[in-house]
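Hi,

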Amino acid sequence: MYNAGKIIVGILIFLGVFTFPVLYNKITTGPPPKLELPAKEKECVMPTPFMKASHMELLNEWRDQVVREGNRTFVNPTGVKFTMSLSSTCMKCHTSKVNFCDRCHNYLNVSPKCWDCHIEPKEPQAGRAQ
Amino acid sequence: MEQTRRTFLQIAGLSALGFAAHSALDAFAVAGPSDYIVDPKALKGKRWAMVVDVKKFIQSGPDALKRCVEACHSTHNVPDLGNPKEEVKWLWTEPLEHAFPEQSSEYLHDFTKEGLKGLPVLVLCNHCDNPPCVRVCPTKATFKREDGLVMMDMHRCIGCRYCMAGCPFGARSLNWRDPRQFIKTQNPDYPMRTRGVVEKCTFCEERLAIGLQPACVEACKNKELVFGDMGDPNSQVRQLLKTNFAVRRKPQLGTQPQVYYIV
């Protein structure tokens, strides 16, 4: 190989620059946040893996069903009925927006606009929550 | 085993298909079929409408009007900005000659001893059969439901205000600022609005959906306001129109308003 030294050094520099963002994030990002789960309820409207991955899509679907179709009741695959409401149904179990929604959203740097209009529930007092 | 290129490609293709099917099935297994239904308590109608009994309102006095407006605004978190230019209106009063400008005449107003000029008349979105606001909305944020309700989807509104220009009744208001701090008492069961969206009366569709009458109708103790289904010949509103003379605001514009005034 001609100019092996230069090429190998070049490849190494390239790899360093190329993988820098990934490695940097690995180092600087803290551990994923621990969310405060409801004490009483064990089952959400859908299974947890689905909620983790697709709660935003579910909420969008709920929004369209309620506002545009006039359907207000959601029947999940196991047949349990729920009123489709962010502030009344979701937040009835997930009582703390700060310790549930915000923790993950802040960690991932996403800012959904839900609470521009929807009224967040009063935060449970710190002493009582734990 | 001798492997030709052909068998290799066949196996690779099949396994790729298998993987795809597996993940697709996984998604179905998690999501499953879910369903969306209407609350069985919901009021059902073919064509919702409202009758405003102006005569009864005169008898009940100005407090009745105030009570209706207050009921609406506290239910729907309507802000009070204290500035008529930025006012957000769902249900409000207009002087008679403004509510019915084409009927305005200094002689007609002499009907009673005090004169009818300046008589406050309750006005709201007319939920027209042929709503201009719906026609002009570029995002379909405002739309007409099958039961005749002219509905707002705040999530879609981009605040272009075409609907405000289209509405001949001035029933739509833009949120020039964030209304949050101007709401006296928040009703946590109903969302607020945000800066840059247009809002209006929705005939309390959120209350109809759980079997309740609109908030203003409920607040009127002497039945000054009656809400009901025009599609049902036996409904209260139809009976009222059969036995009383009623007018609508600006019917000549052809929007077919569905708020009737007994005069």
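Helices (H or I, at least four residues) and strands (E, at least two) are DSSP runs, numbered from the N terminus.

Residues are numbered from 1 along each chain as its sequence is written, with chains lettered from A and ligands numbered from 1 in the order in which they are written. This is a predicted model, so local features need pLDDT of at least 70 and side-chain atom pairs count only at pLDDT 80 or more, while totals for chains, interfaces and linings use all residues.

On confidence, the model scores ipTM 0.80 and pTM 0.81.

Domains next; their bounds come from an automatic or database domain assignment. Chain A splits into domain 1 (1–30) and domain 2 (48–129), with C-alpha centres 42 Å apart. Chain B splits into domain 1 (1–31) and domain 2 (48–262), and there the C-alpha centres lie 60 Å apart.

Now the interface. Taking contact as C-beta atoms, placed from the backbone, within 7 Å, 23 residues of chain A touch 22 residues of chain B. On the chain A side, the elements giving two or more residues are α2 (48–69), β1 (73–75), α3 (86–93) and α5 (114–117). The largest share, seven residues, comes from α2(A). The two chains also share strand pairing: β1(A) and β1 (residues 35–37) of chain B run antiparallel over three bridges, and T73(A) stands opposite I37(B).

Inside chain B, I'd start with α3(B) (residues 62–75). This helix has 14 residues and reaches 20 Å from its first C-alpha to its last, close to the 20 Å expected at 1.5 Å a residue; the expected span is 1.5 Å times one less than the number of residues. I call a residue buried if 20 or more other C-beta atoms (placed from the backbone) lie within 10 Å of its own, exposed if 12 or fewer, and partly exposed in between. The buried residues of α3(B) include A64(B), L65(B), C68(B), V69(B) and C72(B). Their cover includes α2 (54–60), β3 (91–95), β4 (120–124), α8 (215–219) and β9 (225–229) of chain B.

β3(B) and β4(B) pair in the antiparallel sense over five bridges, with P120(B) as the bridge partner of P95(B), and four of the five residues of β4(B) are buried. In β9(B), L225(B), F227(B) and D229(B) point one way and V226(B) and G228(B) the other, and all are buried. Strand β2 (residues 48–53) of chain B joins β9(B) through five antiparallel bridges, where A49(B) stands opposite G228(B).

Most residues other than glycine have a negative phi. Yet N109(A), in the loop between α4 (98–108) and α5 of chain A, has a positive phi of about 55°. N109(A) counts as exposed because it has 6 C-beta neighbours inside 10 Å. H127(B), in the loop between β4 and α5 (132–136) of chain B, has a phi near 45°; H127(B) is buried, with 27 other C-beta atoms within 10 Å.

Cheers

How values were computed:
Two residues are in contact if their C-beta atoms, placed from the backbone, lie within 7 Å. Two strands pair if DSSP finds at least two bridges between them.
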